[in-house]
Amino acid sequence: MNLRWRDALRLVGGSLAAQPLRSLLTVLGIALGIATVVLLTSLGEGLRQYVLAQFTQFGTHLIAINPGKAKVHGTSVGIFGSERPLTLEDAAALRRVPGVEAVVPFTYAQADVRFEGRTRTVFVYGVGAQMPAAYRFRVAAGRFLPDAPHGTARPFAVLGSHLRRALFGDRSPLGARIRIAQERYLVIGVMEPKGTFLGFDMDDAVYIPAGRALALFDRESLVEIDVLYRPTLPVDQVVRALRRLLTARHGRDDVTFTTEKDMLEVLGDILDMLTLTVAGLGGISLLVGAVGILTLQSIAVAERTREVGLLRALGAETGTIAALFLGEAALLGTAGGLAGLGLGLGGAYLLGLLIQGLPVHPSGTYAGLALGVALGVGLLAGLYPALRAARLDPVEALRTE
Amino acid sequence: MIRLEHVSRLYAVGDQVVHALDDVNLVIEPGEYLSVMGPSGSGKSTLLHLLGLLDRPDRGRYLFHGEDTARLDDRHLARLRRRHIGFVFQFFHLVPRLSAAGNVELPMMLDGWPLPRRRARVRRLLEAVGLADRARHRPDQLSGGQRQRVAIARALALDPELVLADEPTGNLDQAAGHEILDLLEAVVAQGRTLVLVTHDPELGHRAPRRLQMRDGRLFESPGGVG
């Protein structure tokens with residue numbers, strides 16, 4: 001091909017510009033596909049990073065123990081089953097396992113919290129003294145619940161930062177007496193803000209000793225025991241030791257262990273599936289866009305058959321003819337890709353602004369990939385019409401009306 | 001320059017085989033001006049397409065400067081068409097979205113000329129056909145005669161030695177037609193070979209050498225200067 005690169009681009013651009021509406025609509029087809037992919041992958045990537053941040057804020061050396069045998073990964077459904085309850089005594093025993101740094105018995109329910117005529121319905125978390133260390137959750141004022149592994153814990157309460165503001169405003173809550181359900185508690189501390197964890201608000205909440213919580217909610221079993229282990233130990237070895245102990249205590253292996261790694265893996269799987277679905281959706285939109293280009297270029301070849309004949313007569317090689325039509329398809333694809341990238345990134349940015357807390361994280365890799373795919377789709381869709389144009393018999397082509 | 005030896009071109013029409021060209025022999029020397037006349041369907045256009053290397057013979061040989069064109073591939077044929085042959089068509093065949101200058105520029109673009117050289121050449125060519133002031137006009141803003149003059153300027157863009165004109169006045173009124181023919185003949189005066197296909201005997205008789213076609217066969221007309 002003797003045609004210069006820049007001249008080819010001029011010819012190609014000229015033919016597309018000669019049919020502005022048509023070209024625009026075709027570009028739009030691709031653009032919507034690319035925008036969908038960019039937008040959804042931004043959301044997916046944002047979600048992944050959000051979840052990851054959620055988990056790592058607690059550290060990755062936690063093991064959750066739930067009563068009952070889970071059939072799949074995740075939370076056990078065995079609370080209603082026949083297995084032995086998970087008790088405070090279990091939690092106390094687990095603290096003696098070598099390598100265990102902290103153990104947090106955990107149970108929760110919603111209840112009304114009252115102070116001087118103000119009432120607020122919040123989560124009441126029954127936990128242990130080692131919770132701040134295990135969850136990397138610091139006390140802002142006062143102190144946390146005292147350790148009371150044996151005997152009855154005293155009615156002390158520690159407030160989440162949000163609840164503290166709601167009930168006390170600017171006043172210090174330390175030493176105040178509040179009512180949780182029907183019992184009276186002494187406020188001894190306030191936590192720092194922590195945010196939410198998988199839907200659990202850690203700030204609009206009150207923390208009381210797990211033993212008191214069990215009695216208050218009239219429950220036999222803890223919902224969970226969280227174990228913080230020494231980071232240098234392999235997690236499997238810790239889980240084996242914990243399982244041996246609990247099996248001995250319960251007479252059989254009737255609890256489920258979930259490590260942070262397990263949780264991340266499950267969530268990773270879910271997110272991968274989500275990404276795949278998104279990619280599939282985007283793929284369908286792109287397919288529609290590709291059909292648009294294929295149709296447009298087929299029409300263009302049919303309409304410009306005479307022109308193809310003329311170009312051949314003027315001395316264009318068949319390769320030049322193919323390149324010109326392929327160039328149009330590629331330009332349509334690229335323009336669609338760029339427009340889609342703009343739409344997608346703009347849309348992601350706007351969504352992030354409009355919906356507070358929506359994790360949006362545009363990925364450069366996906367954006368680049370989308371652009372490449374758009375160009376590829378253009379080339380692929382344009383290939384057949386371009387080859388057909390190149391194979392036209394020039395004499396026939398010149399005769400076409 | 002051109003030598004056709006026993007050239008035939010066959011078309012299948014239904015289950016019949018039609019000889020568009022039937023054992024045609026022809027020698028054209030450089031600088032010749034010849035007309036090809038005959039009723040429509042007699043094979044005039046087929047002969048022209050064949051001479052222009054847009055079509056290939058089914059039988060016989062076509063030698064261009066002594067080289068058998070059957071042996072040339074697409075690249076070679078394209079280069080010969082580009083640099084050695086200029087076409088003028090009955091229906092002008094201008095690209096509608098390009099200006100007069102843009103249409104004239106096309107062959108130079110296809111040949112890879114740099115832009116400044118193209119600009120200068122386009123200006124000279126449009127001046128030569130009397131359209132210097134219409135360079136920016138698109139074909140639909142030009143009269144038939146003007147369009148054909150743009151087409152002639154385009155045909156001459158790469159200074160071809162052979163110009164093939166297929167009923168160049170067929171779509172024009174008489175006055176415009178005569179102007180176009182005058183212009184084409186001026187081209188011949190510059191030492192090029194001109195082959196003019198027409199069904200109009202009056203125009204055809206202006207050529208010193210006249211050929212007649214009937215049913216795919218070629219006859220040299222009496223009075224022709226060989």
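Predicted model: local features only at pLDDT ≥ 70, side-chain atom pairs only at ≥ 80, totals over all residues.

Modeller: Residues are numbered from 1 along each chain as its sequence is written, chains are lettered from A and ligands numbered from 1 in the order in which they are written, and side-chain values use heavy atoms, without hydrogens and water.

Biologist: How many residues does the largest nonpolar core have?

Modeller: A nonpolar core is a set of buried Ala, Val, Leu, Ile, Met, Phe, Trp, Tyr and Cys residues joined through side-chain atoms within 4.5 Å. Buried means under 20% relative accessible area, exposed over 50%, and partly exposed in between, with a 1.4 Å probe and protein chains only. Leu4(B), Leu47(B), Leu51(B) and Val195(B) have the most contacts inside the largest core, and its residue count is 55.

Biologist: How many residues are in the second, separate core?

Modeller: Val104(B), Leu142(B), Ala153(B) and Leu194(B) are included in that second core. Its residue count is 38.

Biologist: Is Ala101(B) buried or exposed?

Modeller: Ala101(B) is found in helix α3 of chain B, residues 100-110 (a helix is a DSSP run of H or I with at least four residues, numbered from the N terminus). Leaving aside neighbours within four places in sequence, Ala101(B) is in contact (heavy atoms within 4.5 Å) with Val122(B), Leu126(B), Ala135(B) and Arg136(B). Because its relative accessible area is 7%, Ala101(B) is buried.

Biologist: Why is the pair Phe123(A) and Tyr125(A) classed as it is?

Modeller: Rings of Phe, Tyr and Trp (its six-membered ring) pair if their centres lie within 6.5 Å; planes under 30 degrees apart count as stacked, over 60 as edge-to-face and the rest as tilted. A search of the whole structure finds 14 aromatic pairs over all chains. The centres of Phe123(A) and Tyr125(A) are 5.8 Å apart and their planes lie at 15°, so the pair is stacked.

Biologist: What class does the pair Tyr62(B) and Phe64(B) have?

Modeller: Tyr62(B) is buried at 1% relative accessibility, and Phe64(B) is buried at 3%. The ring centres of Tyr62(B) and Phe64(B) are 6.3 Å apart with planes at 80°, so the pair is edge-to-face.

Conventions
Helix = DSSP H or I, 4+ residues; strand = E, 2+ residues; numbered from the N terminus.
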